[in-house]
Amino acid sequence: MKSDFSTPAAPLRGLGGPLRSSEPVRAAPAPSAAVVLLEEAADLLVVHLDFGAALQTCERALRSLANLDAGTSLEVKCSLCIVGIQALAEMNRWREVLSWVLQYYQVPEKLPPKVLELCVLLYSKMQEPGAVLEVVSAWLQDPDNQDLPEYRALAELHLQQVLLPLGCLSEAEELVVGSAGFSEEQRLDVLQAISKARQQQKHQRLGSEEAQKLNQEGSFSHKFLSLLMLLRRLWDSTVSHFFSLPFKKSLLAALILCLLVVRFDPASPSSLPFLCKLSQLFHRIQEAIFSLYRLPIHD
């Protein structure tokens with residue numbers, strides 16, 4: 001994005017007053033290639049919406065940063081990474097953001113706060129905060145980063161967007177207690193939020209255990225009912241088979257059984273009362289079975 005130079009320039013002055021025509025004009029230093037490419041990448045991203053070209057331009061600029069001084073290089077590098085992150089997100093390649101950034105900074109501890117904040121917000125918005133958990137934790141634990149003015153804001157962002165949603169309550173508590181970036185009031189507020197989240201986790205765990213127990217009991221009840229249904233079908237089959245036999249055949253089978261078990265002589269006169277009682281008993285058993293069979297059985 002180019003600046004507008006249509007207004008006339010003010011008279012140039014040297015160290016001792018107005019610049020004489022015989023004095024050479026000191027031209028402003030030309031912008032480096034990385035700065036020019038940064039402007040081009042931003043223009044491609046915002047104006048032309050050419051996200052692929054914007055990303056390629058950022059990568060070319062990042063490779064040319066060796067010619068800049070340290071201060072300017074860090075600022076331009078951070079800006080190029082921010083443009084590159086936005087380009088990757090626009091192309092739905094947000095999963096590549098963290099690895100793409102780390103290839104230019106090598107270790108998480110060296111990431112600029114603005115770049116790290118953008119990564120946390122991006123992955124949190126896409127509901128994958130676990131991808132930046134280790135990176136942000138390493139950055140916060142670095143002693144050099146703890147003196148930065150952005151440290152407290154990043155620590156709070158890490159708590160709210162990463163640790164608490166992931167249920168890392170012990171890590172959150174260690175960060176709050178061991179960090180000097182929080183005031184006493186902020187520390188108490190965060191500890192209360194952690195305590196509340198821990199109670200919710202406990203209730204969820206108990207609810208899950210109760211649901212599992214109910215499922216087990218329900219499975220046992222289902223198996224027991226299935227067994228009862230099987231027994232009922234067997235009983236129905238046995239009774240129906242029994243009633244399908246003629247009465248005389250059933251009585252004959254009972255007599256044969258008595259002959260085999262009791263070993264008495266049916267032709268003997270003394271056996272006549274026993275045979276009458278056996279016949280009456282058989283009739284009663286048949287009537288009882290018939291009445292029981294006709295009773296409604298509830299499932």
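Of the 299 residues of the protein chain in this predicted model, 27% count as buried. The protein chain exposes about 20900 Å², and carbon and sulfur atoms supply 58% of that area. Its secondary structure comprises 11 helices and 2 strands, and from the N terminus on the elements run β-β-α-α-α-α-α-α-α-α-α-α-α. Among contacts between residues at least 6 apart in sequence, 58% join residues that are at least 24 apart.

**Helix α5**

- Helix α5 covers residues 113-125, and because its 13 residues at 1.5 Å a residue should span 18 Å, the 18 Å between its end C-alpha atoms agrees with that expectation.
- The buried residues of α5 are P113, V115, L116, C119, V120, L122, Y123 and S124.
- After α5 comes Q127, a residue whose phi is positive, near 60 degrees.

**Aromatic pairs**

- The structure holds 3 aromatic pairs, and one of them is formed by W94 and Y123, whose ring centres are 5.8 Å apart and whose planes stand at 75 degrees, so that this pair is edge-to-face.
- Because W94 lies in the loop between α3 (70-90) and α4 (97-105) whereas Y123 belongs to helix α5, the pair ties together parts that are 29 residues apart in sequence.
- Both partners fall under the 20% cut-off for burial, since W94 has a relative accessible area of 5% and Y123 has a relative accessible area of 3%.
- W100 and Y104 form a further pair, with ring centres 5.3 Å apart and planes at 75 degrees, so this pair is edge-to-face as well.
- W100 and Y104 both lie in helix α4, where they are 4 residues apart, about one turn of the helix.
- W100 is buried, with a relative accessible area of 7%, and Y104 is likewise buried, with a relative accessible area of 15%.

**Nonpolar surface patch**

- On the surface, F224, L225, L227, L228, L230, L231 and L234 form a nonpolar patch, and together these residues have about 640 Å² of accessible area.
- L231, one of the residues of this patch, is found in helix α9, which covers residues 184-244.
- With a relative accessibility of 47%, L231 counts as partly exposed, because that class lies between the limit of under 20% for buried residues and the limit of over 50% for exposed ones.

Methods. Residues are numbered from 1 along each chain as its sequence is written. This is a predicted model: local features need pLDDT of at least 70, side-chain atom pairs count only at pLDDT 80 or more; totals for chains, interfaces and linings use all residues. Side-chain values use heavy atoms; hydrogens and water are left out. Patches are made of residues with over 30% relative accessible area and no salt bridge: like charges are joined within 9 Å, nonpolar side chains (Val, Leu, Ile, Met, Phe, Trp, Tyr) within 5 Å. Accessible areas come from the Shrake-Rupley method with a 1.4 Å probe; for residues, only the protein chains shown count as cover. A salt bridge is a side-chain nitrogen of Lys or Arg within 4 Å of a carboxyl oxygen of Asp or Glu. Buried means under 20% relative accessible area, exposed over 50%, partly exposed in between (1.4 Å probe, protein chains only). Contact means heavy atoms within 4.5 Å. The expected span of a helix is 1.5 Å times one less than its number of residues. Rings of Phe, Tyr and Trp (its six-membered ring) pair if their centres lie within 6.5 Å; planes under 30 degrees apart count as stacked, over 60 as edge-to-face and the rest as tilted.
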